[in-house]
Amino acid sequence: MANDEVREGNELDIVLEDVGDHSVIVLSGEVDVYSAPKLRDTIRNLVEEGRYHIVVDLENVAFLDSTGLGVLVGGLKRVKHHQGDLGIICNQERILRIFRITGLTKVFTIYPSREDLLANIKGA
């Protein structure tokens, strides 16, 4: 018997923007076991296109689970292999708390806002 569970809830919308030499992945919705592969594919495609400076904007993310965190860590490893970086834009306390609890604040550059990102990159 097939298990065709219908998942309800928010989906993940992804918009790509170029800001200077950075690719900004703007997310809105939920990043969980169901939607994280979409983010993984987006990061993978950017790296395959030679884009090694990536920032993921989590400002409009309502929920982030361990699968989503795993995708972000995997993306960071992927860009670091090419001397790149993967930063995070977020000032939501509930999301930042996850990064603090897991120690990932020491791994990712976290920008409190897009303006802070712009102030820290060249060519923006």
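Predicted model: local features only at pLDDT ≥ 70, side-chain atom pairs only at ≥ 80, totals over all residues.
Reader: What does Phe99 touch, leaving out residues up to four places away in sequence?
Author: On the list are Leu58, Leu64, Leu69, Leu72 and Ile88, then Leu104, Thr105, Phe108 and Ile110.

Reader: Where does Phe99 stand in the largest nonpolar core?
Author: That core has 27 residues, and Phe99 and Leu86 are the two that touch the most other members. At least two residues each come from β2 (22-31), α1 (36-48), β3 (53-64), α2 (66-80), β4 (85-89) and α3 (93-101). There is also a second, separate core of eight residues, with Val24, Val55, Ile89 and Ile121 among them.

Reader: What comes after α3?
Author: Gly103 follows α3, and has a positive phi near 80°.

Reader: Now the sheet. What is the strand order?
Author: β1-β2-β3-β4-β5, in an open sheet with mixed pairing. From one strand to the next, the twist averages 25°.

Reader: Do β1 and β2 run parallel or antiparallel?
Author: Antiparallel, with seven bridges joining β1 to β2. Val15 has Val26 of β2 as its bridge partner, and Ile14 stands opposite Leu27 in β2.

Reader: How many residues lie between the strands in that hairpin of β1 and β2?
Author: Two, and in this hairpin Gly20 takes a positive phi near 60°.

Reader: On to the next pair. In what sense do β2 and β3 pair?
Author: Parallel, over eight bridges. Val26 turns up again here, with Asp57 as its bridge partner in β3. So Val26 is bridged to Val15 and to Asp57, and the general rule is that strands of a sheet pair through backbone hydrogen bonds, either parallel or antiparallel.

Reader: How many residues of β2 are buried?
Author: Nine of its ten, which leaves β2 mostly covered.

Reader: Which strands does α2 lie across?
Author: β2, β3 and β4. Relative to β4, α2 runs at about 145°.

Reader: Different topic. Where is Gln92?
Author: In the loop between β4 and α3.

Reader: Why does Gln92 count as buried?
Author: Because its relative accessibility is 12%, and the cut-off for buried is under 20%.

Reader: What does the side chain of Gln92 reach?
Author: The backbone oxygen of Leu58, at 2.9 Å.

Reader: And what does Gln92 touch beyond four places away in sequence?
Author: Leu58, Glu59, Asn60 and Val61. Leu58 is also on the list of residues that Phe99 touches.

Notes. Residues numbered from 1 in each chain as written. Heavy atoms only, no water. Core = buried A, V, L, I, M, F, W, Y, C linked by side-chain atoms within 4.5 Å. Buried < 20%, exposed > 50% of the residue type's maximum accessible area, 1.4 Å probe, protein only. Helix = DSSP H or I, 4+ residues; strand = E, 2+ residues; numbered from the N terminus. Contact = heavy atoms within 4.5 Å. Polar contact = N/O pair within 3.5 Å; in protein donor to acceptor, adjacent residues only side chain to side chain. Pairing = 2+ DSSP bridges. Axes fitted to C-alpha atoms, helices over the stretch in contact; angles between N-to-C directions.
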